[in-house]
Amino acid sequence: MAINATATFMPEFRSYAALYREALNTNSPVYEFLCLFKIIESLRGRRIRFARDAKKTNANYIPPTEVLPGNTGEIKAWLEALFYIRREFDLSTFESAVPPDLRGRTAADVIENVLKPLRVNVAHALFGSRGELPLSSDDLLHTHNSLTAC
């Protein structure tokens, strides 16, 4: 993340940045996923707050409809817009940035039908069972394979 070191950031941004930093610094893919998903949940909640605030003042707030890029050209343009420090992107970058089965889908669809069920599986595996662990924490993120058919 390349940001102006002398900038003054609001507490809300600092909260997101701290959680993002946690995700980047962990050695646990499960913890990384949970940190990033928490950012997604929080941003969705923020949009709900914006809509409520707008309604109170008779203003109009329409949350954006985000659609994941549909092909490698769109993914390249998207990555270049996201990252200040640019490097040459290759096919593996495109495949990991937006897997083929998610291309062209709305972010809301991916969150609800892919990421949220995965988060529920992770939470149930870690916190919902009584007695023995149902899955190894190393295998938790492999449940994605069963969710990509959504």
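Student: Which pattern does the chain follow, read along the sequence?
Tutor: This is a predicted model, and its secondary structure holds six helices and zero strands. Read along the sequence, the chain therefore gives a run of DSSP helices. The pattern is α-α-α-α-α-α.

Student: In which helix is confidence lowest, and in which is it highest?
Tutor: Across the chain the pLDDT averages 84, and 81% of the residues score at least 70. The two ends of the range among the elements are a mean of 45 in α6 (residues 144–147) and 94 in α2.

Student: Which element gives the largest share of the lining of the largest pocket?
Tutor: The largest pocket holds about 2200 Å³ of space. The elements that give two or more residues to its lining are α1 (11–25), α2 (29–56), α3 (72–82), α4 (91–97) and α5 (107–128). With 13 residues, the largest share comes from α2.

Student: Which residues lie nearest the centre of the largest pocket?
Tutor: The lining of this pocket comprises 50 residues. By class, 41 of the lining residues are nonpolar, four are polar and five are charged. Those nearest the centre are Y20, L36, I40, W78 and L82.

Student: Is T93 buried or exposed?
Tutor: T93 sits in helix α4. Its relative accessibility is 11%, and the cut-off for buried is under 20%. Because 11% falls under that cut-off, T93 counts as buried.

Student: With which residues is T93 in contact, leaving aside its neighbours within four places in sequence?
Tutor: A contact here needs heavy atoms within 4.5 Å. Once the neighbours of T93 within four places in sequence are set aside, its contacts are L79 and R87.

Student: What percentage of the accessible surface of the chain belongs to carbon and sulfur atoms?
Tutor: Of the 150 residues, 21% count as buried. The accessible surface of the chain comes to about 10700 Å². The share belonging to carbon and sulfur atoms is 56%.

Student: Among contacts between residues at least 6 apart in sequence, what percentage join residues at least 24 apart?
Tutor: The count takes in contacts in the chain between residues at least 6 apart in sequence. Of these, the share that join residues at least 24 apart is 51%.

Notes
Residues are numbered from 1 along each chain as its sequence is written. This is a predicted model: local features need pLDDT of at least 70, side-chain atom pairs count only at pLDDT 80 or more; totals for chains, interfaces and linings use all residues. Side-chain values use heavy atoms; hydrogens and water are left out. Helices (H or I, at least four residues) and strands (E, at least two) are DSSP runs, numbered from the N terminus. Buried means under 20% relative accessible area, exposed over 50%, partly exposed in between (1.4 Å probe, protein chains only). Accessible areas come from the Shrake-Rupley method with a 1.4 Å probe; for residues, only the protein chains shown count as cover. On a 1 Å grid over the protein atoms alone, a cavity is a set of points where a 1.4 Å probe fits but cannot get out, and a pocket is an open set with protein on both sides within 12 Å along at least five of seven lines; lining residues have an atom within 4 Å of a point. Grid points are joined across faces, edges and corners, and a volume is the space filled by probe spheres set on the points. Ala, Val, Leu, Ile, Met, Phe, Trp, Tyr, Cys and Pro count as nonpolar, Asp, Glu, Lys and Arg as charged, and the others, Gly among them, as polar. pLDDT is the predictor's confidence in each residue, from 0 to 100.
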